[in-house]
Each structure stands twice: as structure tokens, then as C-alpha cells.
Amino acid sequence: MSGSEVDWQTTPAAVWRRHRSGLRAIRRLDPVQWESLTGIGRQQQALARNTERFLAGQPSNNVLLWGSRGTGKSSLIKALLNRYVGQGLRMIEVDKDDLVNLPELVDDLCELPFRFVIFCDDLSFDVGESGYKALKSVLEGSLELPPENVRVYATSNRRHLMPEFMSDNLKSEVRDGELHPAEAIEEQVSLADRFGLQLSFYPFSQDVFLQAVDLLFPKVDDREILHLEAVRFATAKGVRNGRTAQQFYRQFAGDPRFC
């Protein structure tokens, strides 16, 4: 099933399936809501503004959300769809290994009366992989400009999407007083540079982490015990972020102390 064969009037999102070389409508969307996210207000504001401009047919950017794991990058994209689906936003999830099909997929979307975000989750490339070349052509086009009704929103733990090695820096040169990065570094940076809006995500402070926990346990009276258990849980995992708060909720929801 190609993009033009999906009933986008009733289908808010689809995923590319390699074995069928086509799209499958997503049957059960993650219900995460925009207002339920905490600790990432700056990123929410920037992403909302860019998306609203995109939906209005105004100049807008492809977006890279990069940073620490579990800090809300993917949840923000899911909440974005739930927030703007009524305004014509549609989303297609494409795995990194299927990016070679991206140009053909985009060809099917350019004449449709909807605005599409191509969502690439946990995007990164290892040495020798070539899928990023197809992504480059969709981000900035080649002889043909990319379609105005398609943008790429990607999440990654890597700022430059590609591996960075100390040996690459050693190959850089200084000529006439100017630093000339090695070719490998230029290649690493060039892909990320095609995302006009880059939003960074970092581990939560303890205060922000506890705010996230409080939102998940709105009816608890004894916040001191709740916070003590939450800090212990996060300390045992070694990280404070939105994912840890969700995992704490799944483990302690229904605990008599927190009901």
C-alpha cells in the first residue's frame, strides 16, 4: 500500500513495513498528551511553533531532537501528533533501515492535501551505512526540490547522527591559521546540518524528576514517602528522566501507600 492508497481522511498515522514494501495504518496510537509532558517546556514551545508554521504553509524546518536517552524525545513526537491531528497533521514512521525507500514514499505524498511528518526514531548511522544518502535528498532535495507538505522529524542519542572517532580529529589540519576539519568530520556534521531546527535534551534534575512523578501520582497525600521511594528507584537505575518516572509509576501504581 502506497501513501496515496491510504485513507488519510481517517488514518492519522502509518508505519512503513519492509516485508510488504508499503504502509500499514497504525491501529493503536500512543495516547500521550501534550500537557502530560514535563521538564521539556522549551523544546515543546519550539517544536509547536515550527509545526504550526508547517501546517499553515509557512516556512518551516526539518527537526532533529537529540540528547540523553529517556528524556522525552519520542514522547514529544507522539504527543505532537495527538495535538495537531485535527489540524491536518499526519505522520509516517520509517525505520532507519528502510530509509532507502524514502524518496519513493515521498513521491506518493506530495500531491495529497495533508501535511506529513516522516518520523525516524532513534536515528543514527554506523560506518559504511549508506541509508543517510536517501535521507539527505529528502531533507534538501537534489535537482528537484523536496515537497512542501513533507517534513522529517528525527530523534537520536547522537548530535551528529554518525559515529565520531578521535582519529578523525587527528586528521584535521591548520592551514594559514584556519582549522580545516577532516573529511570524516565534514561528513558527520553535514547530515545533521540539514535539520534546520535542532532541540537538545538532557537528564532531569531531581526537582524536575519529582515533578514528573507527582503528575503520575496526583492523589497521593504523603509526598515525602512518594519522593523518597522515587529517588531510591532512580538512584538504583542510575538515571533521572521521564522514562524512569514512567517505570516507577508502573512498579508502584496500586501500592496502598500511594492510592
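Contact here means heavy atoms within 4.5 Å. This is a predicted model, so local features need pLDDT of at least 70 and side-chain atom pairs count only at pLDDT 80 or more, while totals for chains, interfaces and linings use all residues. Residues are numbered from 1 along each chain as its sequence is written, and side-chain values use heavy atoms, with hydrogens and water left out.

**Nonpolar cores**
- A nonpolar core is a set of buried Ala, Val, Leu, Ile, Met, Phe, Trp, Tyr and Cys residues joined through side-chain atoms within 4.5 Å; buried means under 20% relative accessible area, exposed over 50%, and partly exposed in between (1.4 Å probe, protein chains only).
- The largest nonpolar core has 31 residues, and Ile-92, Leu-102, Ile-118 and Leu-135 touch the most other members.
- Elements giving two or more residues to this core include strand E5 (115-120) and helix H4 (131-140); helices (H or I, at least four residues) and strands (E, at least two) are DSSP runs, numbered from the N terminus.
- Beyond four places away in sequence, Ile-118 touches residues including Leu-105, Val-150 and Tyr-153.

**Ser-60**
- Ser-60 is found in the loop between helix H1 (41-55) and strand E3 (63-67), and is buried at a relative accessible area of 16%.
- Its side chain makes a polar contact with the side chain of Arg-151 (3.1 Å).
- A polar contact is a pair of N or O atoms within 3.5 Å; within protein, one must be able to donate a hydrogen and the other to accept it, and residues adjacent in sequence count only if both atoms are side-chain atoms.

**Cysteines**
- Cys-120 is buried, at 1% relative accessible area, whereas Cys-110 is partly exposed, at 33%.
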